[in-house]
Amino acid sequence: MRHYEAMFIVDAETNDETLTAIMAKYSKVVTDGGGEVSEIGKWDRGRRQLAYTIGKRREGIYLLMQFVAGNAVPTELDRIFRISDDTFRHIIVRQNRDEE
């Protein structure tokens, strides 16, 4: 099991109820794959201006999820991020931590 961090951006006009559903959706992908989500929520202030326009969007809500999982979970999570319409950018990185 390794430590990972996933950051994804959703439309700035997304309401809190929809944000909760989006976070639950991606948390479920991790837990269904045998992983464990340690933290998920808005990053920093959440809504931020983008460095450049992405699909006519100038702002987005940044969400950060930290989780522990096997090698297959980040691959599946990446696949789902790519085909989902609720996020328009994402990145998953493995954190450098000592194995427990």
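The points that follow are grouped by topic.

This is a predicted model, in which local features need pLDDT of at least 70 and side-chain atom pairs count only at pLDDT 80 or more, while totals for chains, interfaces and linings use all residues. Residues are numbered from 1 along each chain as its sequence is written, and side-chain values use heavy atoms, with hydrogens and water left out.

- Buried denotes under 20% relative accessible area, exposed over 50%, and partly exposed the range in between (1.4 Å probe, protein chains only).
- Strands (E, at least two residues) and helices (H or I, at least four residues) are DSSP runs, numbered from the N terminus.
- An antiparallel pairing of 10 bridges links β1 with strand β3, residues 57-69; two strands pair if DSSP finds at least two bridges between them.
- Within β3, L64 is the bridge partner of M7.
- β1 also runs antiparallel to strand β4 (residues 89-94), to which six bridges join it.
- Within β4, R94 is the bridge partner of Y4.

**Residue F67**

- F67 belongs to strand β3 and counts as buried, at 1% relative accessibility.
- The C-alpha atoms of F67 and V30 are 7.6 Å apart in space, although the two residues are 37 apart in sequence.

**Residue S27**

- S27 lies in helix α1, residues 16-32, and is buried with a relative accessible area of 15%.
- Beyond its neighbours within four places in sequence, S27 is in contact with V37, I40 and M65, contact meaning heavy atoms within 4.5 Å.
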